[in-house]
Amino acid sequence: MKLFSKRVGLSALAATMIATSFGATGTGAVAQDQAPIEAEPITLESVDSVSTGDQSPTQTAAEPQVRFVMSEVVQELPEEPEVPATSDAESLRELVSLTDTSGEMSREMMCLAQAVYFEARGEPLDGQLAVARVVINRAESSTFPDDYCAVVTQRAQFSFVRGGRIPAPNRSAEAWKRAKAIARIAHRELWESPADDALYFHATHIRPRWAGRMTARATINRHIFYR
């Protein structure tokens with residue numbers, strides 16, 4: 001049984017003022033034809049909602065960046081409903097069916113669920129979980145923004161995001177219910193993913209230039225995941 005109960009929250013974040021500019025636009029979990037991002041965080045004020053896509057890492061700006069750490073702050077994610085006991089779940093599908101999705105979700109969890117829904121709702125459950133892991137891993141990495149919404153809405157990263165905004169999902173669809181369950185499972189790290197430490201992914205029908213500089217972690221249906 002592959003069940004894992006690990007950390008729940010995000011680590012302490014630093015409030016930042018950043019002088020930066022972005023290059024080309026792109027699509028997906030990294031702009032499809034661009035080089036990986038190099039430590040280019042963005043401010044939370046620029047974030048409005050969430051989205052998903054098959055993208056490649058964006059290029060960094062040529063100008064030097066200035067980052068001022070003014071004071072340490074701690075950002076706590078709103079509490080999420082407790083997940084029912086999962087000791088008897090023998091598959092990810094069963095765990096999804098046991099996960100309560102009826103309550104309201106925090107903004108951060110909504111962003112994560114929307115990324116799963118728009119990027120991978122046609123994928124098998126392990127493929128949806130892998131997409132969620134990419135978003136979470138980026139939020140925990142010093143190379144990317146510090147929260148789920150900022151990661152998803154970062155410029156030129158997910159093709160379903162338009163103007164920094166995430167479209168509304170079909171809330172009555174079963175695919176949306178599954179996406180919410182996957183988001184909660186991934187956030188609590190209740191199930192292992194073969195793309196557990198991945199930071200990038202793209203669709204199998206494309207071959208972005210940046211992929212050659214990455215280490216492939218897993219291929220799940222129509223997506224390839226990289227570190």
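Modeller: Let us begin with a term: a disulfide is a pair of cysteine sulfur atoms within 2.5 Å. The model shown here is predicted, and the structure holds one disulfide.

Colleague: What makes Cys111 and Cys149 a disulfide?

Modeller: The sulfur atoms of Cys111 and Cys149 are 2.0 Å apart. The cut-off is 2.5 Å, so the pair meets the definition and forms a disulfide.

Colleague: Why is the disulfide of Cys111 and Cys149 called right-handed?

Modeller: The name follows from the torsion about the S-S bond, which is about 95 degrees; the disulfide is therefore right-handed.

Colleague: Which parts does the pair tie together?

Modeller: Cys111 belongs to helix 2 (residues 107-120), while Cys149 belongs to helix 4 (residues 148-153). The pair therefore ties together parts that are 38 residues apart in sequence.

Colleague: Are Cys111 and Cys149 buried or exposed?

Modeller: Both Cys111 and Cys149 are buried. That word requires a relative accessible area under 20%. Of the 227 residues of the protein, 52% count as buried.

Colleague: How many helices and strands are there in the protein, and in what order do the elements run?

Modeller: The protein has five helices and five strands. Starting at the N terminus, their order is β-β-α-α-α-α-α-β-β-β.

Colleague: What share of contacts between residues at least 6 apart in sequence join residues at least 24 apart?

Modeller: In the protein, that share is 77%; a contact here requires heavy atoms within 4.5 Å.

Note on methods
Residues are numbered from 1 along each chain as its sequence is written. This is a predicted model: local features need pLDDT of at least 70, side-chain atom pairs count only at pLDDT 80 or more; totals for chains, interfaces and linings use all residues. Side-chain values use heavy atoms; hydrogens and water are left out. Helices (H or I, at least four residues) and strands (E, at least two) are DSSP runs, numbered from the N terminus. Buried means under 20% relative accessible area, exposed over 50%, partly exposed in between (1.4 Å probe, protein chains only).
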